[in-house]
Structure formats: C-alpha cells, structure tokens
Amino acid sequence: MTEQTSAGPYSKLSDHDRPLDFGADGQMSPVDAVLWRGDSDRHHRGTLSMLEIYDCVPDWDRLVAAHDWGSRMLPRLRQRVVDSPLGAGIPSWVVDPEFDLHYHVRRMRLAGDGSIRELLTTCQQLAMTALDPERPPWEVYLIEGLPDGRGAYFLKAHQALTGGMSSIGILAQLHSRQRDPVLGKPQPPAPDPDNTGALDILLRQVSHEVRRAPHRVDLAIKGAMALTDPRKALSQVLRFGRSVPRVAGLISPPGSPLLAERSLSWRFAAFEVPFEAVEAAGAEIRASVDEVYLGGLVSGLRLYHRRLDRPVEAIPIAVPIMVRSSESPYQTRMSIGRLAGPTGIDDPFERVLTVREQIRAARNEPAVNAFNDVGPMLAWLPGQIVGQFSGATTQNDLQASNVGGIDWESYVAGARVERMFAFGPLPGCAMMATMVTYNGTSCIGINYDAAAVTEPELFAESIVDGFNEVLALADPSGRMIRFT
C-alpha cells in the first residue's frame with residue numbers, strides 16, 4: 001500500500017549524463033492499458049493530481065527550465081499514447097514530435113481572496129478538465145495570489161503515465177535540497193522524435209505476446225506438475241476460486257445508502273497530521289502506519305454517518321497493495337485489497353485492530369495478483385467494455401492509499417516546499433483518500449464525489465474527529481487538523 005521515496009533526486013544520476021531507464025520502453029504495460037482505456041467512460045477518468053504549497057513564488061524561468069530538464073531525464077514526459085490501429089491490444093508510448101513545453105507548463109493567479117479553499121476549488125476544476133489524449137498526458141500550473149507571498153504548484157497527469165514508477169518518485173526529480181540552483185546536474189539530450197506507424201504498433205503487440213509465451217509455458221508446466229498430487233491441486237484451485245470474488249469486490253458489503261449517488265463532480269479536502277503521531281499510535285496498538293491511517297479514515301466515516309443519523313455496520317473499501325519489482329527499483333506492481341470498513345464498531349482500538357487483520361488477510365489472498373493476470377486479456381477488449389468492467393469492480397465507498405513521500409526539506413526553483421498533497425481519481429468510488437508524508441508531516445488529500453458527500457463541512461469535521469480518536473490511543477497531543 002505504500003511507496004517510499006526517501007533518497008535525494010540525484011542519488012542515482014550524478015555519475016552519468018543519461019536519462020533514467022523509466023519510459024525507455026515504448027510498450028505500455030497491460031495494467032496501464034486497462035487504466036488508459038477506462039477513460040472511454042468519463043466517470044472513470046484516471047487523472048492523478050498533486051498540489052504543493054511553497055513559502056514563496058518560484059522563479060518562473062527556473063521552473064520552466066526544471067521541467068525541460070525533467071522531460072529529458074524522464075523520456076516518458078515527452079511521450080504521447082498511440083493506440084492500436086484496430087482499437088484493441090496494448091497501446092504504445094511514442095516521443096511526440098510536436099512536444100511543446102509551453103503547452104504543459106502554465107501559470108495563473110487566483111482571482112479571489114487567495115484562501116486555501118479558493119486554491120482547492122481552482123485545483124479541483126483543473127483536475128476535472130480532461131487531458132488531451134493527443135499529447136503527453138500531463139499539465140502543471142504555477143499558481144500565484146496566495147497570502148503572504150506564498151505560491152502553489154499543481155500537477156495533473158494520467159495514472160498510466162507513471163507506468164508503475166512511484167508518482168512521488170517522478171515529482172521528486174524536480175526537487176533539490178537547496179534554494180539556490182544546483183550545479184553539475186546530468187544534462188542528457190532531448191529524446192529523438194518517434195515516427196512510429198500502425199505497422200510498428202502491431203509488431204510491438206506481437207512482440208509483447210511472444211515475450212509472454214515463456215510465462216504461459218511455465219504456468220502450463222506448473223499446472224501439469226501439480227496434477228501429480230491431485231488432492232493438493234484441487235485444494236489450490238478451490239482456494240483460488242474462493243479468493244477471486246473477494247479480490248474482485250463481488251462479495252464486499254453493500255455500499256452505504258448515504259454515499260450511494262455518483263456524478264462527474266469532484267471536490268477536494270486537505271488535512272495534515274504529524275507523522276510521529278501516526279507512528280506513535282501504531283506502536284501503541286501494534287499496527288502499521290497504513291493500518292492506523294485507514295483506521296482513522298474509517299473512524300471519520302463512522303462519525304459522519306452517525307451525525308446524520310444514518311449509521312451502517314460496514315462500508316466497502318479498496319486499497320492498493322504495492323509490490324516492489326525485483327527487476328527495477330523504480331518499478332512496482334499494483335494489486336487490490338478489499339476490506340469491510342468496520343464503521344459499526346464503537347471502540348477505536350478494536351476498530352483499528354479489525355482493519356489491521358483485514359489488510360493482512362488481503363495481502364495473503366491467493367488471487368491477490370488477479371488484476372495483473374487478467375490485464376493482458378482486458379487490454380484487447382474495446383474501451384467501453386473495459387470501462388464497464390472497471391465500474392463493476394470499483395463501486396466502493398472509499399479507496400485509500402499511502403504513497404510514502406519525501407523525508408527531506410526540499411526546494412523547487414528557489415521556493416521551499418511546505419506541504420505536499422495528492423488527490424487520486426474517482427473510478428466509480430464515493431471518495432479517494434491519499435496520504436503523502438513530506439518532511440515529517442502526513443498530508444492527506446481526499447477527492448470526493450459531490451453527489452455522494454452532500455454535507456462537506458460536517459464530513460471534514462468528522463474526518464478530523466474520527467482520526468483524532470485513533471491518535472488519542474497513544475498521545476492526545478498529536479492532532480490532525482484541516483488544512484486551511
């Protein structure tokens with residue numbers, strides 16, 4: 001569930017002037033292909049957002065130069081998606097011959113009072129605006145007009161762009177440990193434009209299927225060998241068969257009637273809490289940071305339901321389970337864990353322990369990698385069918401993730417980063433919560449559907465109070481607050 005990015009941005013780059021390997025392969029991964037095709041249903045657009053708050057407005061020329069450098073270090077930032085000429089199979093990443101940094105890096109000024117509320121409203125409007133599928137799928141905005149001369153930076157990108165690399169890891173490449181310009185950075189040339197045509201894409205698809213052939217043969221051999229012990233083979237098949245509906249969310253608890261409505265309208269809320277308070281609560285009850293975090297969210301939703309006189313015993317929750325690839329330190333694979341959020345349990349200690357046991361059980365599901373296994377097959381289906389499949393498996397009340405963060409004080413184009421929030425997309429769920437821990441502060445961004453959460457102020461108050469119930473198990477002085 002957690003991605004960690006603690007090393008400095010040049011720790012692996014300073015000895016050579018070549019770009020990272022990330023983005024060098026033109027073949028989109030099967031899972032990313034499913035996410036990309038899911039955009040055919042506008043309710044399931046996969047736009048990720050990041051918001052950083054700075055102590056001052058960054059130098060514009062330095063900021064533009066940093067993105068030019070970043071797009072040379074990470075070739076994926078100059079690549080656009082070229083789909084199969086048949087509209088099926090796995091799309092390709094191709095260096096855009098018309099890449100224009102001026103299009104992707106923008107600046108704007110808040111027109112109102114410059115409050116955090118106005119900033120979040122502006123960002124959610126930007127996030128709801130679709131990315132241009134004919135260009136590299138990302139945009140950034142330098143936002144001015146905040147009080148006391150502060151600035152903000154907003155990034156929106158399609159989740160397929162990251163290709164398994166930590167989204168924070170990508171963003172960290174633009175950060176440094178000092179306010180002044182960093183000398184001696186690697187300076188690779190811009191990648192050459194790619195004039196890939198329809199035939200090239202078909203050949204890539206065939207090549208990908210050929211590369212998968214040994215994996216299929218290996219599975220077949222293992223299956224044949226398993227028949228030497230029919231009783232054990234039958235037991236494994238039955239365990240896997242019982243696991244698939246759980247992983248797919250087909251036997252999750254029913255969704256809360258209070259959160260049942262869906263729309264195209266996204267709303268952002270931001271919170272912060274000292275990371276040491278989260279760690280202390282985990283140490284007190286022998287739970288991980290992920291488990292305390294999720295327990296706090298469940299506690300907040302419990303209060304929200306009770307304060308509106310609509311209590312429920314449990315709510316369906318999905319969490320990503322990130323598995324680090326053995327092939328590359330930059331690559332991860334995502335699996336899905338399904339939970340029944342225990343909103344009916346009164347005692348916060350018992351509530352978090354229940355969450356803990358469910359998360360640990362989800363990690364050990366026999367079918368935990370089913371999403372990765374069926375990805376190559378789903379990629380060959382039309383986008384509308386993929387969208388229907390995604391919608392059927394993402395109708396959760398809450399999806400939550402903890403994406404690690406940067407544990408050192410960082411700067412961007414002369415401005416010091418004060419806070420760092422992430423807001424995930426809403427692929428059919430009522431809300432998406434994301435925690436990023438930056439330099440000792442856990443920043444929690446929640447993107448919720450405006451039709452599902454109809455009392456936003458009460459919702460925010462309930463999240464704060466419920467989270468603090470969990471933190472108080474260790475130290476009442478460690479408090480979550482709403483970022484305003």
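Here is a short chat about the predicted model shown above.

Q: What share of the contacts joins residues at least 24 apart?
A: That share is 80%, counted among contacts between residues at least 6 apart in sequence.

Q: Let's switch to helix packing. What do we need to describe a pair?
A: Two packed helices are described by the angle between their axes and the distance between the axes.

Q: Okay, so what are those values for α9 and α10?
A: The axes of α9 (residues 289-307) and α10 (residues 348-363) come within 9 Å and cross at roughly 125 degrees. That angle makes α9 oblique to α10.

Q: Left-handed or right-handed crossing?
A: Right-handed, for α9 passing α10.

Q: Which residues meet there?
A: From α9, the contact has D290, E291, V292, L294, G295, V298, S299 and R302. They meet R351, V352, V355, R356, I359, R360 and R363 in α10. By class, the contact has six nonpolar, two polar and seven charged residues.

Q: New topic: backbone angles. What is phi for D148?
A: Phi of D148 is near 60 degrees, a positive value in a residue other than glycine.

Q: Where is D148, then?
A: D148 sits in the loop between β5 (138-144) and β6 (151-158).

Q: Buried or exposed?
A: D148 counts as exposed, because its relative accessibility of 75% is over the 50% cut-off.

Q: And A413, what is its phi?
A: A413 has a positive phi of about 50 degrees, although A413 is not a glycine. This residue lies in the loop between β11 (411-412) and β12 (415-423).

Q: Why does A413 count as buried?
A: A413 has a relative accessibility of 12%, and buried means under 20%.

Q: Last one: where is H43?
A: H43 is in the loop between α1 (30-37) and β1 (47-54). With a relative accessible area of 36%, H43 is partly exposed.

Q: What does H43 touch beyond its sequence neighbours?
A: Leaving aside neighbours within four places in sequence, H43 is in contact with S263, L264, L426, P427 and G428.

Q: How far apart are H43 and L264?
A: H43 and L264 are 221 residues apart in sequence, and 6.0 Å apart in space from C-alpha to C-alpha.

Technical notes:
Residues numbered from 1 in each chain as written. Predicted model: local features only at pLDDT ≥ 70, side-chain atom pairs only at ≥ 80, totals over all residues. Heavy atoms only, no water. Contact = heavy atoms within 4.5 Å. Axes fitted to C-alpha atoms, helices over the stretch in contact; angles between N-to-C directions. Helix = DSSP H or I, 4+ residues; strand = E, 2+ residues; numbered from the N terminus. Parallel < 35°, antiparallel > 145°, perpendicular 65-115°, else oblique. Left-handed = near helix turned anticlockwise from the far one by under 90°. Nonpolar A, V, L, I, M, F, W, Y, C, P; charged D, E, K, R; others polar. Buried < 20%, exposed > 50% of the residue type's maximum accessible area, 1.4 Å probe, protein only.
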